[in-house]
Amino acid sequence: MNIKPLSDRVVVKLVEAEEKTKTGILLTAAAQEKPQVAEVVAVGDGTVIAVDWTPESGNSVVLQHDNGMMTIYRNLSAAIATKGHRVSASEVIGYSSMEDQADKMFEFEMWMGGKPLNPQSYILF
């Protein structure tokens, strides 16, 4: 299975932060600094087999794909996928935020037959 970029993204898509609210504006630590939030999307069609939180991995989502491959998305600031839900490629399954996860980066893993795969071997740029 090769993963083709989904328009301008592969696994995450940067979300433009709202600068206004209903009753005011958002202010960040630096005048030109915007909150960095990204949508985390499913790389292919599959079923959500686990949604979990641990101190080591934060919020995590695990997808089982039709071809037997499993993808794992770790250190999400929020997981919106639900166990048992069928997802489509490019469907948002969670969010990653640099503000929430200052010490942890978003992780993406691919597994097949109980063995880890190198995602860089499957993502076509």
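A salt bridge is taken here as a side-chain nitrogen of Lys or Arg within 4 Å of a carboxyl oxygen of Asp or Glu. The side chains of E109 and R74 meet in such a salt bridge, at 2.9 Å from N to O. The model is predicted, so local features need pLDDT of at least 70 and side-chain atom pairs count only at pLDDT 80 or more, while totals for chains, interfaces and linings use all residues. Residues are numbered from 1 along each chain as its sequence is written, and side-chain values use heavy atoms, with hydrogens and water left out. By the salt-bridge rule, the count comes to 2.

- E109 is buried, with a relative accessible area of 18%, where buried means under 20%, exposed over 50% and partly exposed in between (1.4 Å probe, protein chains only).
- R74 counts as partly exposed, at 21% relative accessibility.

**Salt bridge D66–R86**

- D66 forms a salt bridge with R86, and the closest N and O atoms are 2.8 Å apart.
- This pair links distant parts of the chain, 20 residues apart: D66 is in the loop between β4 (58-65) and β5 (70-76), and R86 is in strand β7 (residues 86-87).
- D66 is exposed, its relative accessible area being 57%.
- R86 is partly exposed, with a relative accessibility of 42%.
- In general, side chains of opposite charge can pair when their charged atoms come close.

**Strand pairing around β3**

- Strand β3 (residues 46-54) runs antiparallel to β4, and 8 bridges join the two; strands are said to pair if DSSP finds at least two bridges between them.
- β3 and β4 form a hairpin, with 3 residues between them.
- G46 has H65 as its bridge partner in β4.
- β3 is also joined to β7 by 2 bridges, and these strands run antiparallel.
- T47 stands opposite R86 in β7, and R86 is the residue that forms the salt bridge with D66.

- G114 is found in the loop between β9 and β10 (115-117).
- G114 counts as exposed, at 62% relative accessibility.
- From C-alpha to C-alpha, G114 and M70 are 9.0 Å apart in space, although 44 residues separate them in sequence.

Terms used:
Helix = DSSP H or I, 4+ residues; strand = E, 2+ residues; numbered from the N terminus.
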